[in-house]
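Trainee: I would like a close look at one part of this model. Please take me through the salt bridges.

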Amino acid sequence: MQTGTQAQPSLILASGSQYRQKLLQQIGLDPLCISPDIDETPHPGESAGELASRLSIEKAHKIAENHGNAIIIAGDQVCDAGGVMLGKPGDANTAKQQLAYCSGREIIFHTGVCVLNSATKHLQHRTAEVFVHFRNLSSEEIDRYIKKEPALDCAGSFKMEGLGISLFKHIRSDDPNALIGLPLITVCEFLRNEGLSII
């Protein structure tokens, strides 16, 4: 029945990531989760930070095509290991190679986040950086970690919120949640700007 007032927008997470969903649930949100189907191939000369930003925006716009009255949250993370982009390992051998490469290095994780109001077309986006300095890891430590916590669906082959924290010398970030998948401080800010109160 039409009431003459505009329906409340849906809240959508443009992702199939269980990690991003759990982060939003931590702050009391229960969005509809829809995985966007986009090409994530980097453009020639595109930096890790530029790629993370672009993909987060493209994901939000993709979901908006079929949802005209929604607040859409989208994120993307790209790991920059000294100019080498590391993705999700997918298997234990690749995870071992990634962790061996990261051993003793400072790695930058770029997490792009976007909030798009598909009704008003208002778009907010930002890229958060997390600097992760890995300890010098022995091959035995790497093997034990992969057996105990196979983070095969995580860029960089670790879970910071789990045993992966033991791999690091230090982490520098304005929002450590960005390393898990979404900078929640920024997400809360963007949602408040759209009139959605978290508390």
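Which side chain meets Arg126 in a salt bridge?

Mentor: Keep in mind that this model is predicted. The partner of Arg126 is Glu189, and their side chains meet in a salt bridge at 3.0 Å, N to O. Look at where the two sit. Arg126 is in strand E6 (residues 122-134). Glu189 is in helix H6 (residues 184-193). The pair links distant parts of the chain, 63 residues apart. Are these residues buried, exposed or in between? Arg126 has 35% relative accessibility, so it counts as partly exposed. Glu189 is partly exposed too, with a relative accessible area of 26%.

Why can such pairs form? Side chains of opposite charge can pair when their charged atoms come close.

Now widen the view. The structure holds eight salt bridges. One of them joins Asp143 and Lys96, at 3.3 Å from N to O. Asp143 belongs to helix H4 (residues 139-148) and Lys96 to helix H3 (residues 92-102). They are 47 residues apart. Asp143 is partly exposed, at 29% relative accessible area. Lys96 is partly exposed as well, at 33%.

Next, take Glu106 and Arg172. Their closest N and O atoms are 3.0 Å apart in a salt bridge. Glu106 lies in strand E5 (residues 106-117) and Arg172 in strand E7 (residues 168-172), so this pair ties together parts 66 residues apart in sequence. Glu106 is partly exposed at 35% relative accessibility. Arg172 is partly exposed at 40%.

Finally, find Glu46, Arg54 and Glu58. A network of salt bridges links these three residues.

Note on methods
Residues numbered from 1 in each chain as written. Predicted model: local features only at pLDDT ≥ 70, side-chain atom pairs only at ≥ 80, totals over all residues. Heavy atoms only, no water. Salt bridge = Lys/Arg side-chain N within 4 Å of Asp/Glu carboxyl O. Helix = DSSP H or I, 4+ residues; strand = E, 2+ residues; numbered from the N terminus. Buried < 20%, exposed > 50% of the residue type's maximum accessible area, 1.4 Å probe, protein only.
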